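Q: I'd like a close look at one part of this model: its aromatic rings. Please take me through them step by step.
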Amino acid sequence: MNFYDNLVMQTQMNYSKYYPIYSSGSTPYQLTDKKSLPYSEQIHRLVQEVKEVDCVVVGGASGLSAAGGGDFYYEDNDSYRKYFRPFAEKYHFKGAFAGMMHP
């Protein structure tokens, strides 16, 4: 495996290992000794910070593209064939995610 493959696999293993902690809204590591602000104050601070910046960068994953209409992940449909035809014809996967973890 190359560096990227190892990084992805390690990230997946860590996520699986710590999933119960993440799903409870926590982290496996103590991030700070400071006490969190009340939620309403956190929201107020966020709004103030956004008002003062020149731009906001938003990171997103497959949920963002699915919300934008991406429908080629789990099925062999027109969108999948439009964007992944060579992949589909060479490997015979029925959707982009079907081949995601294939060696």
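What is the relative accessible area of Y91, and is Y91 buried, partly exposed or exposed?

A: Y91 has a relative accessible area of 42%, so Y91 is partly exposed. That label covers values between buried (under 20%) and exposed (over 50%), with a 1.4 Å probe and protein chains only. This is a predicted model, where local features need pLDDT of at least 70, side-chain atom pairs count only at pLDDT 80 or more, and totals for chains, interfaces and linings use all residues. Residues are numbered from 1 along each chain as its sequence is written, and side-chain values use heavy atoms, leaving out hydrogens and water.

Now the rings. The whole structure holds nine aromatic pairs (Phe, Tyr or six-membered Trp rings with centres within 6.5 Å; planes under 30 degrees apart are stacked, over 60 edge-to-face, the rest tilted). Y15 and Y22 are stacked, because their ring centres lie 6.0 Å apart and their planes meet at 15°. Y91 and F93 also form a stacked pair, with centres 6.0 Å apart and planes at 20°. F93 is buried, at 14% relative accessibility. Y15 is partly exposed at 42%, and Y22 is partly exposed at 34%.

Y15 and Y22 belong to one aromatic cluster with Y18, Y19 and Y29. Next, the helix. Helix α1 covers residues 3–23 (a DSSP run of H or I, at least four residues, numbered from the N terminus). α1 bends by about 55° at K17 (the angle between axes fitted to the seven residues ending there and the seven starting there). A proline, P20, follows within four residues. After α1 comes G25, with a positive phi near 90°.

Technical notes. Helices (H or I, at least four residues) and strands (E, at least two) are DSSP runs, numbered from the N terminus. The expected span of a helix is 1.5 Å times one less than its number of residues.
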